[in-house]
Amino acid sequence: MSKEQWTDEKLFLRLQNNKSQKYYWDYISILRKRTTKEVFEKSTLLIQNGNSKDKIIGIDILAQLGIPPRPFLKQTIKLFFELLENESSSKVLKSLLIGIGHNNEKLTSHQIAKLAEFCKSKSNDIKEGLIFSLLTVNHPKAIDCLINLSSDKAYFIRDWATFGLGTQINADNEEIRKALWERVNDKHQETKLEAILGLAKRKDERIKPFIVKELLSGEYGFVLFEAIEEIGDKENLKVLKDYYKSQKGNSKIPTEWLYDLKSCIKTLEGKLIKSE
């Protein structure tokens, strides 16, 4: 019998009792598809009365129970924010914040303010979950929180927050640009590229020489191509063409990257023709 045919009870028991995480997300995925009152109530019970492991199981199921418009969504958000008030486990809070992030389209100002209270947390787990909870949220408190976390000492927190600021919101102001500019020389390469892309998306002309510098230094990240297409100008197009010609026969450069470079050139050419 396949796992999809197991009863709810058997799936919950496996999740609670298995020491291995090998099939954890398989079981969670199956239960998420069962949009019944029984699955919702069992998950709720785990969140309200279970240990840390049980709470995380319940949260992970309810975070994406069903497809939009999700059943029990209002009850789930209410339950998540109630748990947020008193929970102390960083692992549970991370799961909880990620769960909120999957359902953050209609957060109230009060709820966003409650999330922002975790911005000063010393736990990387909590900060990582917090950033996910605020992705795509165009609200001053959410943006301020991402700005603060974009300068975190942990590179993966900086990277995640810079990604959120740079491309996951449409807001554009002096504070956002300043935060992005502070990351264009970040020692962590992915963070640097996310900052460059964020500024290119905002058509900040000052980022052009940084894009060229990264390209000529041998940066093979695809994020750079996105930045080139966003900022797009004739100067960059010439540099791209010259660079492509000079590296075309270089066996040390990934073939896939050269193909994407060529595609980037074609896209940029098309944009420049339309703008003329």
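Colleague: Which residues of α16 are buried?
Modeller: This is a predicted model, and in it the buried residues of α16 are Trp257, Leu258, Leu261, Cys264, Ile265, Leu268 and Leu272.

Colleague: Where do they fall when you look down the axis of α16?
Modeller: Seen that way, the buried residues of α16 fall within an arc of 110 degrees, so they line one face of the helix.

Colleague: And which residues are exposed on the other side of α16?
Modeller: Thr255, Glu256, Tyr259, Lys266, Ile273 and Lys274 are exposed there.

Colleague: What covers the buried residues of α16?
Modeller: The cover includes α13 (208-216), α14 (222-231) and α15 (234-247).

Colleague: How many residues does α16 have, and what should they span?
Modeller: Helix α16 runs over residues 255-275, which is 21 residues. At 1.5 Å a residue they should span 30 Å, and the end C-alpha atoms are 31 Å apart, so the two agree.

Colleague: Let's step back to the chain. How many helices and strands are there?
Modeller: The secondary structure comes to 16 helices and 0 strands.

Colleague: What does the C-alpha trace span?
Modeller: Along its principal axes the trace spans about 65 × 45 × 35 Å. The chain has 276 residues, and 50% of them count as buried.

Colleague: What about contacts between residues 24 or more positions apart?
Modeller: Such pairs account for 65% of the contacts in the chain with a separation of 6 or more.

Colleague: New topic, pockets. What volume does the largest pocket have?
Modeller: Its volume is about 250 Å³.

Colleague: Which residues line the largest pocket?
Modeller: The lining is made up of Pro69, Arg70, Leu73, Lys74, Ile77, Asn103, Glu105, Lys106, Leu107 and Gln111. By type, the lining divides into 4 nonpolar, 2 polar and 4 charged residues.

Colleague: Which helix gives the most to that lining?
Modeller: Helix α5 (residues 73-86) does, with 3 residues.

Colleague: Which residues of α5 are buried?
Modeller: In α5 the buried ones are Thr76, Ile77, Leu79, Phe80, Phe81, Leu83 and Leu84.

Colleague: What is the phi of Phe72?
Modeller: Phe72 has a positive phi of about 65 degrees, although it is not a glycine. Phe72 is also found in the loop between α4 and α5.

Colleague: What about Lys203, and where is its place?
Modeller: Lys203 sits in the loop between α12 (189-201) and α13. Its phi is near 55 degrees, a positive value in a residue other than glycine.

Colleague: What relative accessible area does Lys203 have?
Modeller: The value is 45%, so Lys203 is partly exposed.

Colleague: And Glu205, where does that lie?
Modeller: Glu205 lies in the loop between α12 and α13. At 48% relative accessibility, Glu205 counts as partly exposed.

Colleague: What separates the C-alpha atoms of Glu205 and Asp233?
Modeller: They are separated by 9.8 Å, with the two residues 28 apart along the chain.

Colleague: Now Lys127. Is it buried or exposed?
Modeller: Lys127 has 5% relative accessibility, so it counts as buried. Lys127 is found in helix α8 (residues 124-134).

Colleague: Which residues is Lys127 in contact with?
Modeller: Leaving aside neighbours within four places in sequence, Lys127 is in contact with Ser121, Lys122, Leu149, Asp152 and Ile157.

Colleague: Last one, Ile61. Where is its place?
Modeller: Ile61 is in helix α4. Its relative accessible area is 0%, so Ile61 is buried.

Colleague: What is Ile61 in contact with?
Modeller: With neighbours within four places in sequence left aside, Ile61 is in contact with Phe12, Leu15, Ile28, Leu31, Arg32, Val39 and Ser43. The C-alpha atoms of Ile61 and Ile30 are separated by 9.2 Å, and these two residues are 31 apart along the chain.

Notes. Residues are numbered from 1 along each chain as its sequence is written. This is a predicted model: local features need pLDDT of at least 70, side-chain atom pairs count only at pLDDT 80 or more; totals for chains, interfaces and linings use all residues. Side-chain values use heavy atoms; hydrogens and water are left out. Helices (H or I, at least four residues) and strands (E, at least two) are DSSP runs, numbered from the N terminus. The expected span of a helix is 1.5 Å times one less than its number of residues. Buried means under 20% relative accessible area, exposed over 50%, partly exposed in between (1.4 Å probe, protein chains only). The arc is that of the directions from the helix axis to the C-beta atoms. Contact means heavy atoms within 4.5 Å. On a 1 Å grid over the protein atoms alone, a cavity is a set of points where a 1.4 Å probe fits but cannot get out, and a pocket is an open set with protein on both sides within 12 Å along at least five of seven lines; lining residues have an atom within 4 Å of a point. Grid points are joined across faces, edges and corners, and a volume is the space filled by probe spheres set on the points. Ala, Val, Leu, Ile, Met, Phe, Trp, Tyr, Cys and Pro count as nonpolar, Asp, Glu, Lys and Arg as charged, and the others, Gly among them, as polar.
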